[in-house]
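Trainee: Hi, could you walk me through this one with me? I'd like to go piece by piece.

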Amino acid sequence: MTEKELLQRNIEEFSRVQDWMLLSEKNSNSYKAMRKRYIELKIILMASGVNLNELDMIKE
């Protein structure tokens with residue numbers, strides 16, 4: 001997998017995780033698990049130089 005493909009995959013997963021988080025109750029165990037992955041993906045994307053201003057809907 002190329003770097004570009006990996007970056008695209010992470011962006012798509014970041015978007016999906018956010019969609020699921022917005023549909024979940026903040027105090028639920030599933031939300032907490034998704035939040036952990038959200039933070040991991042956010043760090044990966046930021047380290048890759050992706051500007052998350054428009055992509056990040058959760059803003060946590």
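Trainee: Which backbone oxygen lies 2.9 Å from a polar atom of the Ser 24 side chain?

Mentor: That is the backbone oxygen of Trp 20. A polar contact here is a pair of N or O atoms within 3.5 Å; within protein, one must be able to donate a hydrogen and the other to accept it, and residues adjacent in sequence count only if both atoms are side-chain atoms. Keep in mind that this is a predicted model, where local features need pLDDT of at least 70, side-chain atom pairs count only at pLDDT 80 or more, and totals for chains, interfaces and linings use all residues. Residues are numbered from 1 along each chain as its sequence is written, and side-chain values use heavy atoms, with hydrogens and water left out.

Trainee: Where does Ser 24 lie?

Mentor: Ser 24 is in the loop between H1 and H2. Helices (H or I, at least four residues) and strands (E, at least two) are DSSP runs, numbered from the N terminus.

Trainee: And what does Ser 24 touch, leaving out residues up to four places away in sequence?

Mentor: Ser 30, Tyr 31 and Met 34, where contact means heavy atoms within 4.5 Å. The C-alpha atoms of Ser 24 and Met 34 are 9.5 Å apart, and the two are ten residues apart along the chain.

Trainee: What is the relative accessible area of Ser 24?

Mentor: It is 23%, so Ser 24 counts as partly exposed. The classes are buried under 20% relative accessible area, exposed over 50% and partly exposed in between (1.4 Å probe, protein chains only).

Trainee: Switching to Asn 10: buried or exposed?

Mentor: Asn 10 counts as buried because its relative accessibility is 11%. Asn 10 sits in helix H1 and, leaving aside neighbours within four places in sequence, is in contact with Leu 41, Ile 44 and Leu 45.

Trainee: How many aromatic pairs turn up in a search of the whole structure?

Mentor: One. Phe 14 and Tyr 38 are stacked, at 5.4 Å centre to centre with 15° between the planes. Rings of Phe, Tyr and Trp (its six-membered ring) pair if their centres lie within 6.5 Å; planes under 30 degrees apart count as stacked, over 60 as edge-to-face and the rest as tilted.

Trainee: What does that pair tie together?

Mentor: Phe 14 lies in helix H1 (residues 3-23) and Tyr 38 in helix H2 (residues 29-47), so the pair links parts 24 residues apart in sequence. Both Phe 14 and Tyr 38 are buried.
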